Amino acid sequence: MDTNALATGLSVASAFEGRHAAIMATFRKRLLTVTGELGLDQDQMDQIVAQAGQVLDDVTASLRTGQPEINEVRIGLASQAGPKPAPRAVIHPVDSLRAANELIEPVLDAVIETAAGLPDATCIFRTANQALQRSVLTRIRWSSESYLAFLLDRVRQAQMAERRRIARELHDRVGGPTSVVNRNLQLAKRYAEVDLNRLQEKVEVAYEASVQSMDALRGVATDLRLESEFNNLEQALRGFVSAMTDGSAVVDLAISGDESWVPAEALAELFLVVREALRNAFHHAGASTIVSHIDIAPHEVRAWVGDDGQGFDPASGRSVHGHGLTSMRERIELLGGKLVVQTAPGRGTHIEIFVPLSRKT
Ligand SMILES: Nc1ncnc2c1ncn2[C@@H]1O[C@H](COP(=O)(O)OP(=O)(O)O)[C@@H](O)[C@H]1O
Ligand SMILES: [Mg+2]
């Protein structure tokens, strides 16, 4: 770069830098008009605005040297000395693309205004345009990779939680009665020659417990089979309800709409979530009525699971007990949806689920 070009580069860069605040103001305004559609939270907005600021820095640095300069360390692609950057909000690749769309125009407008009248305006525009494209595309690539890693991690966590649940079910539902069988047979042996009445009593208790343990084992096996053979939501839920029903609660299960409107993975997740809500109603509520309605529309699924049982304090439900409620919420949020639990001691439990179908995760 000769001295003249260097001087031009420096002055164009500083003129462009003087427009940063105005570009960011326009970008924020444009972003806000689409935020409703994007449904971004504050952390995600902050992250997008920070990334946009870095894109402007890349364009400025490129105008200074006359060639595209992308700072990969700031994106997180290159190795970095010093402390690791704070974890970033996870942004769906579609949202990244739409945010980029709102940034490109104000940046190019500002470049055109900065270069207007200068002899090498075309060259300046080309450099800025190249830098802008590379900076934005590299960021989108990075954010898509991060999003994928985040999804894979969630899937792994969900699998682990499911394994822990099966282990707990086996331990609590099968292990409990099995140890009663064992203990009572031990006692029966002890009474065998001294007290026939007590012997008979212990054998009866052991027999009852063995029936319970077999039922529990069958229940756990049915759960696993339904999960592995899952291909129809209604069938799988009806199978689950009939395996769980012991006659103490009336169950009203209704599904409307066409299951083929829902992507297969989302349907399988919905099954796991509704099943956990039903399982909780059977296990914890002591309800006389359990209602579950699922409405499938081409653009969304809405589901309700409610019971008239004892309810619970949602704060203690989350902190003290299992992972069921947490993983239900996570699964639905991963589908871009929302899950709301309404409950209080003595007031039953009502779970409302909403999943949009327009966007595939
Ligand atoms: N429908 C319900 N009725 C009453 N209590 C419930 C209901 N659903 C959940 N709970 C309470 O919330 C707790 C947490 O539920 P969950 O996260 O599914 O874990 P787990 O079922 O393994 O205990 C339960 O242990 C129970 O105390
Ligand atoms: Mg549970």
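Q: How do you know that the span of helix H5 agrees with its number of residues?
A: Helices (H or I, at least four residues) and strands (E, at least two) are DSSP runs, numbered from the N terminus. The expected span is 1.5 Å times one less than the number of residues; the 23 residues of H5 (residues 93-115) should therefore span 33 Å, and its end C-alpha atoms are 32 Å apart, which agrees.

This is a predicted model, in which local features need pLDDT of at least 70, side-chain atom pairs count only at pLDDT 80 or more, and totals for chains, interfaces and linings use all residues. Residues are numbered from 1 along each chain as its sequence is written, chains are lettered from A and ligands numbered from 1 in the order in which they are written, and side-chain values use heavy atoms, with hydrogens and water left out.

Q: What makes a pair of atoms between Asn280 and ligand 1 a polar contact?
A: A polar contact is a pair of N or O atoms within 3.5 Å. A polar side-chain atom of Asn280 lies 2.8 Å from an oxygen atom of ligand 1, and one of Asp307 is 2.9 Å from a ligand nitrogen; both pairs meet the cut-off. The protein buries 89% of the 530 Å² that ligand 1 exposes when taken alone, with areas from the Shrake-Rupley method and a 1.4 Å probe.

Q: Which helix gives the most to the shell around ligand 1?
A: Helix H9 does, with five residues.

Q: Why are strands E1 and E2 called paired?
A: Two strands pair if DSSP finds at least two bridges between them. Seven bridges join E1 (residues 250-256) to E2 (residues 289-296), so the two parallel strands pair.

How values were computed: A polar contact is a pair of N or O atoms within 3.5 Å; within protein, one must be able to donate a hydrogen and the other to accept it, and residues adjacent in sequence count only if both atoms are side-chain atoms.
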